[in-house]
Amino acid sequence: MNAVTLRDLLAAAAQRLAKISETPRLDAELLLAAALERPRSYLHAWPERVPEPDRVARFFAWLDRRQAGEPIAYLLGRREFWSLELEVTPDTLIPRPETELLVELALERLPADRTCALADLGTGSGAIALALAVERPRARIVATDLGPAALTVARRNARRLNIGNVEFREGDWCAPLAGERFDLLVSNPPYIAATDPHWRQGDLRFEPAAALVAGEDGLDALRSIVAQAPACLRTGGWLLLEHGYDQGEAVPNLLRQRGFVDVSDHRDAANLSRASAGRWPA
């Protein structure tokens, strides 16, 4: 009987994952590379290698869990965001590429040549706050989250990445910012409607519901943030919000009704409405 090679393992795994993943081959490569403690390039360079049995056992254990729908990020305990490798756990939402749009919008509004103050509301793993801290090292950043377990993960990420200009505070949205004013507030809050069946399907089943679902229409958290934000913004300060692809009219309307000006909606790389911005007037 011929020994099982890396090529054989990848082919079999991709076939198993085809029904549950949009990227079965990539998933298989990520899991096998992690099981071998090698970069993905190793799999392409040495496809005929026969891995050690204990590595194969680890790979198949992860493969079983992935086939059951568990996200790759939770299996490996990490996810890349804005070129930062972040620890993630089931206590945190998995950072997604489309959220990098919020970072881009924030950087456009935060000059690199002077100090500023900003806050990330509902920071989760710390992805947005830490990305902005790297790009704007002169900024003072506060990251809030209602969940102490998520904040523990975010603090570990900051320490491991040696990022020192982010302060983490426990509390709901703007509550931990009371009495302070910021140049910019940014948030990726929950915005899925409770009636939407998708949050009970696929990978989303494994992510914290509180970080995904926001009331019957998905706007509860966004309404709260828009209502609270002016008390924490300096004159001319910006509020940036991620939202659902079908909320590109509702969220700008919330901002205008609250008194924000220069309101705009922005699309992600897939050309889907993804984020809205508003400036607090003088």
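Helices (H or I, at least four residues) and strands (E, at least two) are DSSP runs, numbered from the N terminus. The model is predicted: local features need pLDDT of at least 70, side-chain atom pairs count only at pLDDT 80 or more, and totals for chains, interfaces and linings use all residues. Residues are numbered from 1 along each chain as its sequence is written, and side-chain values use heavy atoms, with hydrogens and water left out.

P71 sits in the loop between α4 (53-67) and α5 (72-76). Its relative accessibility is 2%, so P71 counts as buried (under 20% relative accessible area; exposed is over 50%, partly exposed in between; 1.4 Å probe, protein chains only). P71 and L10 lie 61 residues apart in sequence. Their C-alpha atoms are 18 Å apart in space.

An open sheet is formed by 7 strands, in the order β5-β4-β3-β6-β7-β9-β8. Its pairing is mixed (two strands pair if DSSP finds at least two bridges between them). Neighbouring strands are turned by 15° against each other on average, direction ignored. Axes here are lines fitted to C-alpha atoms, for helices over the stretch in contact, and angles run from 0 to 180 degrees between N-to-C directions. Strands β7 (residues 233-242) and β9 (residues 273-279) pair in the antiparallel sense over 5 bridges. L241 stands opposite S276 in β9. Helix α10 (residues 250-258) packs on the sheet and touches β7, β8 and β9 (contact: heavy atoms within 4.5 Å). The direction of α10 makes about 10° with that of β9.

The largest nonpolar core has 35 residues. Such a core is a set of buried Ala, Val, Leu, Ile, Met, Phe, Trp, Tyr and Cys residues joined through side-chain atoms within 4.5 Å. L132 and V166 have the most contacts inside this core. Helix α7 (residues 127-135) gives the most to it, with 7 residues. Beyond its neighbours within four places in sequence, L132 contacts V103, A106, L107, L118, I141 and V186. A second, separate core of 27 residues includes A117, C174, L222 and L255.

Q228 belongs to helix α9 (residues 220-228). Q228 counts as partly exposed because its relative accessibility is 28%. Leaving aside neighbours within four places in sequence, Q228 is in contact with D172, W173, C174 and A175. A polar atom of the Q228 side chain lies 3.1 Å from the backbone nitrogen of C174. The C-alpha atoms of Q228 and R258 are separated by 9.8 Å, at 30 residues apart along the chain.

Note on methods. Polar contact = N/O pair within 3.5 Å; in protein donor to acceptor, adjacent residues only side chain to side chain.
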